[in-house]
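Please open your viewer and get ready to select a few residues. We will take the stops one at a time.

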Amino acid sequence: MELRQLEYFIQICKSGSLTKAKEELGVTQPTLSQQIRVLEDEYNIPLFDRVSRGVEITEAGKILLNKGNAIMNLLEEARNEIYGRNHTSRETITIGCCPAELEYLAPYFMRFHQKYPNILLKIIDAEDAENQVLEQKVDIGITANPISDASVISTHLYRQEMALLIHSEHPLADKASIPFRSLKQMNSIMFPEQNKSLIEVYGFSCGFTLKSIIETSSTSVLIQWVRHGLGAALLPSSSLQSLRDDSLRVVKLEGQAPCWDISLVYLKSVPMRPAVRLFKQEMDTYVRIGETG
């Protein structure tokens with residue numbers, strides 16, 4: 001079987017008739033019919049039933065279609081990877097990322113760079129990634145904000161939950177988890193400024209106001225403050241997964257902890273360059289593997 005024959009076969013399945021398929025493929029109908037006959041002769045079984053309104057795929061044809069689509073997808077992945085590794089001109093992908101997620105996503109950005117060294121990643125802080133995408137200042141945005149403009153496509157990457165980071169000598173250090181309402185009794189809570197509204201709304205729904213003694217966009221600063229015994233910090237649980245420090249303890253929040261969804265966004269009307277499409281595919285794979293691993 002030749003690849004061309006498989007392409008012809010898949011297009012006929014999509015079109016539902018040889019007439020429509022030949023127009024899509026730019027070949028004559030006799031050529032198309034001949035190639036399908038060669039394919040059917042090779043498998044010694046009909047792939048289509050000829051009906052008055054076109055063709056209907058047989059059970060054998062369905063098997064070939066399923067496997068054929070898988071083959072074509074693998075070939076597309078190979079083309080993308082070869083493009084990323086061997087493209088002679090250095091391409092740049094501009095990414096607008098909300099600051100709160102930069103530390104968590106940094107290893108994934110580095111992994112992409114190592115795999116595709118000819119693609120330059122230009123990453124900028126973007127509190128409002130949607131507007132950056134709309135104004136075409138970035139190719140892709142990564143944001144926790146809901147998307148309001150229909151011309152921006154949003155694909156979910158992962159969910160962030162808050163957890164409590166405390167010093168090992170804190171009274172709650174021996175607890176694996178606590179109710180969110182327990183935070184009401186703490187006098188020295190700290191949290192990232194970009195998560196302030198989310199935490200305040202969640203606290204209000206629980207009947208109290210949670211005020212922070214320090215607000216910063218730096219997760220590392222908050223961790224340092226906790227390490228020095230200056231309070232407890234509410235931080236994204238993903239940023240604490242790799243934390244290895246005997247002086248610190250991570251306490252989960254029981255029930256539905258404050259959380260937000262991180263999405264990758266891009267402009268619908270702009271054709272996606274191969275390098276940008278490759279980054280989108282790789283990021284989705286990296287993050288999902290990271291969540292399950």
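This is a predicted model: local features need pLDDT of at least 70, side-chain atom pairs count only at pLDDT 80 or more; totals for chains, interfaces and linings use all residues.

Residues are numbered from 1 along each chain as its sequence is written, and side-chain values use heavy atoms, with hydrogens and water left out.

**Stop 1: the start of the chain.** Select M1, in the segment before α1 (3-15). M1 counts as partly exposed because its relative accessibility is 41% (buried is under 20%, exposed over 50%, partly exposed in between, with a 1.4 Å probe and protein chains only).

Stop 2: Next, select L105, L164, L183, L234 and F279, the residues with the most contacts inside the largest nonpolar core, which has 46 residues. Helix α9 (residues 274-292) gives the most to this core, with 7 residues. Around L105, look for C97, I142, Y158, M283 and V287, which it touches, not counting residues up to four places away in sequence. Contact here means heavy atoms within 4.5 Å.

**Stop 3: a buried charge.** Finally, select E130 in helix α6 (residues 129-134). How far away is the nearest side chain of opposite charge? That side chain, K268, is 11 Å away, and the buried E130 has no salt bridge (a side-chain nitrogen of Lys or Arg within 4 Å of a carboxyl oxygen of Asp or Glu). Leaving aside neighbours within four places in sequence, E130 is in contact with P146, I147, S148, D149 and V152.

Methods. Helices (H or I, at least four residues) and strands (E, at least two) are DSSP runs, numbered from the N terminus. Lys and Arg count as positive and Asp and Glu as negative; His and the chain ends are not counted. A nonpolar core is a set of buried Ala, Val, Leu, Ile, Met, Phe, Trp, Tyr and Cys residues joined through side-chain atoms within 4.5 Å.
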